[in-house]
Amino acid sequence: MSDIRIAPSILSADFARLGEEVQAIDKAGCDWIHVDVMDGHFVPNITIGPAVIKALRPHSAKPFDVHLMISPVDQYLEAFAEAGADIISFHPEAGAHPHRTVQTIHSLGKQAGLVLNPATPLDILDYLIDDLDLILVMSVNPGFGGQSFIDSQLRKVEAIRKRIDDTGKDIRLEVDGGIDLKTAPKAIAAGADTLVAGTATFRGGPDQYAANISGLRGE
Ligand code: DX5
Ligand code: ZN
């Protein structure tokens with residue numbers, strides 16, 4: 001098995017059966033459960049909050065990879081940590097003090113991820129990278145599933161891969177948005193080690209989840 005981790009985004013799951021869907025992707029061999037939290041303010045869509053994450057928590061022992069698309073973000077970190085998030089990722093534009101946000105996530109005993117939008121440059125990493133557990137590159141503009149992969153983000157993934165390797169630290173490099181059988185190999189070749197996939201995981205219904213996940217992994 002490759003070292004590529006697959007994190008299905010439950011945004012593409014059947015929301016009326018979310019617990020069963022989480023169990024199904026767990027059984028189908030996913031690595032993490034990616035949860036997209038949107039507030040209708042930072043992004044133009046509203047999804048779910050800590051109460052739903054708490055309700056889903058007993059349905060899988062795999063890490064919950066919680067992607068916060070909310071602003072302000074700091075005041076909600078504790079609620080997401082208590083709800084059962086393992087990795088908490090946020091956008092630097094969502095608060096005035098991204099370094100403090102990372103510190104708060106760590107003080108809650110969770111792993112911290114920084115999310116870079118398609119137009120966000122890499123400079124933000126200069127004084128943050130050593131403190132991060134994960135860097136998430138958005139290959140679509142955040143807000144919706146089912147969008148097309150933005151190819152210019154591959155250059156960004158390549159540049160971040162070099163920077164991570166230079167630190168010598170175990171920092172995961174995750175790509176999110178428009179990942180399918182065509183784009184997954186490109187993201188992996190550019191240096192990604194973790195792929196978020198909503199549409200491509202849930203396509204075809206539960207019987208297909210295992211095949212969909214291993215296909216994305218390149219197996
Ligand atoms: C977009 C979300 C993504 C999205 C991925 O704002 O962060 O996780 O749900 O969906 P697909 O894989 O369908 O592009
Ligand atoms: Zn996401």
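1. Ser 9 counts as buried because it has 24 C-beta neighbours inside 10 Å; a residue is buried with 20 or more other C-beta atoms within 10 Å of its own, exposed with 12 or fewer, and partly exposed in between, C-beta atoms being placed from the backbone. Ser 9 sits in the loop between strand E1 (5–8) and helix H1 (18–27); helices (H or I, at least four residues) and strands (E, at least two) are DSSP runs numbered from the N terminus. Leaving aside residues up to four places away in sequence, Ser 9 touches His 34, Asp 36, Gly 145, Val 196, Ala 197 and Gly 198, where contact requires C-beta atoms, placed from the backbone, within 7 Å.

2. The model is predicted: local features need pLDDT of at least 70, side-chain atom pairs count only at pLDDT 80 or more, and totals for chains, interfaces and linings use all residues. Residues are numbered from 1 along each chain as its sequence is written, while chains are lettered from A and ligands numbered from 1 in the order in which they are written.

3. An unreviewed UniProt entry lists His 34, Asp 36, His 67 and Asp 176 under "binding site"; UniProt positions follow the numbering used here, feature names are shortened, and annotations may be inferred rather than shown by experiment. These residues span 143 residues in sequence, yet no two of their C-alpha atoms are more than 10.5 Å apart, so they gather at one spot.

4. Asp 36 belongs to strand E2 (residues 33–38), and Asp 176 to strand E7 (residues 172–176). Asp 36 is buried, with 24 C-beta neighbours inside 10 Å; Asp 176 is likewise buried, with 27 other C-beta atoms within 10 Å. Not counting residues up to four places away in sequence, the contacts of Asp 36 include His 67, and those of Asp 176 also include His 67.

5. Ligand 1 has 21 residues around it, of which Ser 9, Pro 142, Gly 145, Gly 198 and Thr 199 come nearest; a residue is near a molecule if its C-beta atom, placed from the backbone, lies within 6 Å of it. By class, this shell has 7 nonpolar, 12 polar and 2 charged residues. Ala, Val, Leu, Ile, Met, Phe, Trp, Tyr, Cys and Pro count as nonpolar, Asp, Glu, Lys and Arg as charged, and the others, Gly among them, as polar.

6. Gly 146 is placed in the loop between strand E6 (134–138) and H5. With 12 C-beta neighbours inside 10 Å, Gly 146 counts as exposed.

Key:
Two residues are in contact if their C-beta atoms, placed from the backbone, lie within 7 Å.
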